[in-house]
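Please keep the sequence and the three-dimensional view at hand while reading.

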Amino acid sequence: MERTFETAEEKERIILVAVDTGEIGNIRKNLVSTSVDKSLDELQELADTAGARTVGRLIQNREAVHPGTYIGKGKIEELRDMIRSLHADAIVCDDELSPAQITNLQEELSCKVIDRTVMILDIFAAHANTSEGKLQVELAQLRYRSSRLAGLGKSLSRLGGGIGTRGPGEKKLEVDRRVIRDRISVLNRQLKELVQNRDTMRRQRSRNQTPTVAIVGYTNAGKSTLLNALTEAKVLEEDMLFATLDPTTRERELENGQKILFTDTVGFISKLPHQLVQAFRSTLEEAKYADLILHVVDASNPEHDFQMEVVYKTLQELGIEDKPVLTVFNKMDQVREQDKECLKDRKSDGSVSISAKKALGLERLLDKIENLLNQGFVKIEKVIPYADAGKIQKIREYGRLEEEEYREDGIFVRASVPPFLA
């Protein structure tokens, strides 16, 4: 009789390592409540999403990270003992490491060493579904890898001249560099074409004069859930970091007939790798061309103030500071009554509390969106001849039709419309 055996892929066992310098993601800790422990909690969530199993963590208090080994000599000894006792396969550092730090730690620990950036890039690679998303992730990975190729360096390259450059020809290091450089050029060309297509779509939306709302926020704040609740977009909803990467745009028609485009964007996170910001710039810039920014905040997260700070900092890096912002405090069904009064965002143009999952407060949210989008609208009262009755549909589409009366000489309307239509 044949016997069957169930085989399951064993999860990689990792130890999380961090240095506490009094700063989290370039934001001073005295401005927010976030601690390095909380940052490691988030790193553990990233590890869970990437399919690893966290078996331990180590934190060192230092004025600055060690330039050669990230942590000090004493902590390296302690970490070596932890790796043995916990049978760890790798360590994951909470900051981006230099090539020298990675090499030195691997030699000291005889163990695989990765950093927060590699973890995030790995998750992005697993979750990218569209061709644009896959190209963006590969470009970010190659840029990260190219900056970490160690060897003779440019000054002693065998492709140049001078002493020490004569020999059999290209070495493996230089071949690797050339292959990566060529691939980056190909990806940049392909992404340029996709960016042009995205720009064409933006210009088309601009010609249609349909107002656009960009949904931004910290990862796992509920952006995709909100988009689904508002537009029935059927975007993937998962309680995990970076569940969706590819931007989705859907239309919603308000009760007054006005149409609005909602665009979901990739989530932000503390210490978001600059390679990803560069590669995903065209995607993130959806917010730059929007008429309104919808900043979704996980109100149930005790670190929501810090997460809001990270979002505003990322928007600033992208040059998105002149747009009206409506803060949406999401997951209110999970917030205690005594904590609800503390929810404030002084940087926004307004706020509203909702639960996207349970569809609570969505009507208030749509009213707020409508009011903010319609600021600056022009009030009109006029009789439109029956021969031009098609203009009323334009009012419904782009403005707010408040009164409509059929008279002998035409259709009387009272409405609020954008200046271009007035």
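## Surface and overall make-up

Accessible areas come from the Shrake-Rupley method with a 1.4 Å probe, and for residues only the protein chains shown count as cover. By this method the protein has an accessible surface of about 22,200 Å², and carbon and sulfur atoms account for 46% of that area. The model is a predicted one, in which local features need pLDDT of at least 70 and side-chain atom pairs count only at pLDDT 80 or more, while totals for chains, interfaces and linings use all residues. Residues are numbered from 1 along each chain as its sequence is written, and side-chain values use heavy atoms, with hydrogens and water left out.

The protein contains 13 helices and 15 strands; these elements are DSSP runs numbered from the N terminus, helices being H or I of at least four residues and strands E of at least two. Of its 422 residues, 48% count as buried. Buried means under 20% relative accessible area, exposed means over 50%, and partly exposed lies in between (1.4 Å probe, protein chains only). Contact means heavy atoms within 4.5 Å. Among contacts between residues at least 6 apart in sequence, 68% join residues at least 24 apart.

## An enclosed cavity

Rolling a probe the size of a water molecule over the atoms shows where empty space is left. A cavity is a set of points, on a 1 Å grid over the protein atoms alone, where a 1.4 Å probe fits but cannot get out; its lining residues have an atom within 4 Å of a point.

The lining of the second largest cavity consists of Tyr218, Ala221, His295, Val296, Val297, Asp298, Gln307, Met308 and Val311. Two elements, β10 (292-298) and α10 (304-317), each give two or more residues to this lining, and β10 gives the most, with four residues. By class, the lining has six nonpolar, two polar and one charged residues. Here Ala, Val, Leu, Ile, Met, Phe, Trp, Tyr, Cys and Pro count as nonpolar, Asp, Glu, Lys and Arg as charged, and the others, Gly among them, as polar.

Side chains of opposite charge can pair when their charged atoms come close. A salt bridge is a side-chain nitrogen of Lys or Arg within 4 Å of a carboxyl oxygen of Asp or Glu, and the whole structure has 20 of them. One joins Asp94 to Lys271, with an N to O distance of 3.0 Å. The partners are 177 residues apart: Asp94 is in the loop between β5 (90-93) and α3 (99-109), and Lys271 is in the loop between β9 (259-264) and α8 (274-279). Asp94 is buried at 2% relative accessibility, whereas Lys271 is partly exposed at 22%. Both residues belong to a network of salt bridges that also links Glu42, Asp95 and Arg116.

Where in the chain do Glu309 and Lys347 lie? Glu309 is in helix α10 and Lys347 is in the loop between α11 (337-340) and β12 (351-353), 38 residues apart. The closest N and O atoms of this salt bridge are 3.2 Å apart, and Glu309 is partly exposed at 30% relative accessibility. Another salt bridge pairs Arg414 with Glu381 at 2.9 Å, N to O. Arg414 lies in strand β15 (residues 410-417) and Glu381 in strand β13 (residues 378-384), 33 residues apart. Arg414 is partly exposed at 27% relative accessible area, while Glu381 is exposed at 53%.

## Individual residues

Thr248 belongs to strand β8 (residues 248-253) and is buried at 12% relative accessibility. Beyond its neighbours within four places in sequence, Thr248 is in contact with Leu227, Val235, Phe262, Thr263 and Asp264. Gly361 is in the loop between β12 and α12 (362-373) and is buried at 16% relative accessibility. Residues up to four places away in sequence aside, Gly361 touches Ser353 and Ile354.

Tyr70 has a phi near 70°, a positive value in a residue other than glycine. It lies in the loop between β4 (52-61) and α2 (73-86) and is buried, with a relative accessible area of 1%. His87, also not a glycine, has a positive phi of about 55°. His87 is in the loop between α2 and β5 and is exposed at 58% relative accessibility.

Conventions. On a 1 Å grid over the protein atoms alone, a cavity is a set of points where a 1.4 Å probe fits but cannot get out, and a pocket is an open set with protein on both sides within 12 Å along at least five of seven lines; lining residues have an atom within 4 Å of a point.
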